Amino acid sequence: MEFKLEAHRIVSISLGKIYNSRVQRGGIKLHKNLLVSLVLRSARQVYLSDPCPGLYLAGHPGAPAPPQQPEESAAGPPAGWGEPPPPAGRAAWPEPEPQPERPAVPEVLRAGDSEPAATVTAAGDTLQGGEAEAPEAAWRRVEGPRETAVGGAGGPAEVSGVFPEGPEAARGPCGCPPGDEDKLSAAPRVDGCRASRPAAAEPPASPPVCARKRGAGWVGGGPADCPAPGSTPLKKPRRNSEEQPGGAAAAAEEEEEEEEMETGNVANLISIFGSSFSGLLRKSPGGGREEAEGEESGPEAAEPGQICCDKPVLRDINPWSTAIVAF
Amino acid sequence: CFFLLFSPIVPRDRHAVWASRKFTSPTDIISTVEFNHTGELLATGDKGGRVVIFQREQESKNQVHRRGEYNVYSTFQSHEPEFDYLKSLEIEEKINKIRWLPQQNAAYFLLSTNDKTVKLWKVSERDKRPEGYNLKDEEGRLRDPATITTLRVPVLRPMDLMVEATPRRVFANAHTYHINSISVNSDYETYMSADDLRINLWNFEITNQSFNIVDIKPANMEELTEVITAAEFHPHHCNTFVYSSSKGTIRLCDMRASALCDRHTKFFEEPEDPSNRSFFSEIISSISDVKFSHSGRCIMTRDYLTVKVWDLNMENRPVETYQVHDYLRSKLCSLYENDCIFDKFECVWNGSDSVIMTGSYNNFFRMFDRNTKRDVTLEASRENSKPRAILKPRKVCVGGKRRKDEISVDSLDFSKKILHTAWHPSENIIAVAATNNLYIFQDKVN
């Protein structure tokens, strides 16, 4: 759990930095925001990968990503992280993802075979291994499904991309060699067994589910309990949910195709108080509009400490915006 | 042995050597330091857009003990804050880099840049003035021609030395992103300016256009994964330059290969050590500075925790790696919180490429002797730097028992950082910028 709290902290710190960057003199610094977005992505992956009952209901059992074996990860505990909790203490692994998501998966897989395959491996790497390419992998994962998926299928593309194997890949808690505790990667595992859970590689799907509830927990610092299984309807994760991390900085410039160092998107991403996310989400047809609209009301209702999960629009909000709303 | 001591500190406040400033304005923070090609002049730029140039005193028989002292030579406002109304962006006046041109006549020329605009400044001396005009009097007032009865030839008479700086060229509107580097080419006719995503090549004589020679902006900005962090021309080959990235890679490009050097000639990257992986791995691998050696055979790069020397002929790993302050590796999360992890340290070679120097925190700076593999940590502070005092090596205690003169990692002052240093091109004289103070040290000569 310590990692989860640490990840919370890093995510909120990162969001704060992005927010502050919009008011800094000299305009938004692309380099710094890019780095912050990479950290944000890593922290988010860790945070979302934390075992939590029901967390992975949002995942897809048919997802093709092969989780790498824990022993493949080689990184030691990242700096600033505490000791990983003993795997024995892990809660029971969640059941495989609910069936309703299944139909979407094959569509997406058909839609973009090559990309999801790439992202699958990448996602697997990100969570399982200590690959240096984790952030790049995450990037690929973002871009691939977005390019290949169509409309709502974009979400599951990312989701499915992460689950090459189904629940079969899941091993019981502590099924991993003890040595894994020491192996942490860019997305350090909270416990050595996390790697074994296919659902663990499912950040894209989980955010809409967990981030919502987590919003309150985040701000209040309370226990980051995940929503009960099935209690939160899962919307197809937005493609944009993955775009945001990179978009955080990159999107600072994304709006303008011409030579404009437009920082409106970064401001949008972190704008807690009312700006729409339209800029960031604009890239995604359909989904973007919905989210933009959703976001309009989201921030307005956001007060630190408030739980916003009663708002139906939150379903559509990607994890970034949800976090910000709650923040 | 190594670095020693030294002669007076030259503070930014030129009025008194030991004047202690009660209120230090944030605009006084030094943002760049650069010796000229002979080492006679030392230029500093600050956050307020000012450039202060120091000149080395000539040796004189009368004042032997003042040999080599640097005193203020010229001060001028290079850049002013600007506001881009179209984008609602304020453009900081902070001087990001200064680069000298080689001297070709009596005047000195330097390039100074802020985030968006590069300027070529001419610094020249005037020590004579014409006197004895016919049509105007000594105060410059026009005389009534009817009152002129005789004609005389104006003569030049000595006057107090006046150093004037004039902007000769302004190279503007060529960068969408923030300029991080400028580099004068060895042909002395061109120079390049690099921002986060592009590098432009300029001719000194032409201000209304530049060539774009590197463009790493992706078609879709959401695919952005790295930015350009520094760039420099090869010291001898005017067709060759390098640029570093936020991903810890260096690309060497040859302008003869194509007009747009998006495809590198050489690609330098060291595989990451997976055991060091953390959330902040990307940040600490981002290269903050890249410098060619004087010989042109090596490049040196600085990332957050290390300095690396690369041989141009070996792309897969550096030939030397020096740990600057590895004790910070366990503190990366805190350094991320207080933004210190984003500090961009520079690195410099000495004239013979045998010693490299870079800054750290707590006003410490480090030197590494490449031949003996010895290193030293020194501190730039007023208390430790009385004139002709000897700089004492410092040591950071990493764990366990702290010895008497050691300082523990937790006691380090992270607000006192040395980001900018410079080394005289031929002598062992170094300039170290500690926030708003400039320290100049030289090897003790008996």
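Predicted model: local features only at pLDDT ≥ 70, side-chain atom pairs only at ≥ 80, totals over all residues.
Two strands are taken to pair if DSSP finds at least two bridges between them.

With strand E19 (residues 289–292) of chain B, E20(B) forms four bridges in the antiparallel sense. Within this pair, B:Val290 has B:Thr301 as its bridge partner. The hairpin of E19(B) and E20(B) has five residues between the strands, and one of the residues in this hairpin, B:Gly296, takes a positive phi near 85°. With strand E21 (residues 306–311) of chain B, E20(B) forms five bridges, and these two strands also run antiparallel.

Strand E20(B) is mostly covered, since five of its five residues are buried. The cover extends to both faces of E20(B): B:Cys298, B:Met300 and B:Arg302 are buried on one side, and B:Ile299 and B:Thr301 are buried on the other.

A further group of strands in chain B forms an open sheet of four, in the order E11-E12-E13-E14, with antiparallel pairing. The edges of this sheet are E11 and strand E14 (206–215) of chain B; each has a single partner strand, so one side of each is left without a neighbour in the sheet. From one strand to the next, the twist averages 25°. Four bridges link E11(B) to strand E12 (residues 190–194) of chain B in the antiparallel sense. At one position of this pair, B:Ser183 stands opposite B:Met192 in E12(B).

Two loop residues of chain B were examined for their backbone angles. B:Asn173 lies in the loop between strand E10 (155–171) and strand E11 (181–184) of chain B. The phi of B:Asn173 is near 65°, a positive value in a residue other than glycine. B:Asn173 counts as exposed, with a relative accessibility of 79%. B:Asp339 is placed in the loop between helix H2 (332–337) and strand E23 (347–349) of chain B. The phi of B:Asp339 is also positive, near 75°, and this residue is likewise not glycine. B:Asp339 is partly exposed, at a relative accessible area of 26%.

Cysteines were also considered. Over all chains, a search of the whole structure finds zero disulfides. For B:Cys253, the closest cysteine sulfur is that of B:Cys261, at 5.2 Å, which is too far for a bond, given that a disulfide requires the sulfur atoms to be within 2.5 Å. B:Cys253 is buried, with a relative accessible area of 0%. B:Cys347 also counts as buried, at 0% relative accessibility.

Chain A is built on helices. It contains 13 helices and zero strands. Of its 327 residues, 65% count as buried. Among contacts in chain A with a separation of 6 or more, 80% are between residues 24 or more positions apart. Chain A exposes about 10,100 Å², of which carbon and sulfur atoms supply 54%. One of the helices of chain A, H2 (residues 30–49), has 20 residues and reaches 28 Å from its first C-alpha to its last, close to the 28 Å expected at 1.5 Å a residue. In H2(A), 20 of the 20 residues are buried, so this helix is largely enclosed by the rest of the structure.

Methods. Residues numbered from 1 in each chain as written. Chains lettered and ligands numbered in written order. Heavy atoms only, no water. Buried < 20%, exposed > 50% of the residue type's maximum accessible area, 1.4 Å probe, protein only. Contact = heavy atoms within 4.5 Å. Areas by Shrake-Rupley, 256 points an atom, 1.4 Å probe, with all protein chains shown as cover. Expected span 1.5 Å × (residues − 1). Axes fitted to C-alpha atoms, helices over the stretch in contact; angles between N-to-C directions.
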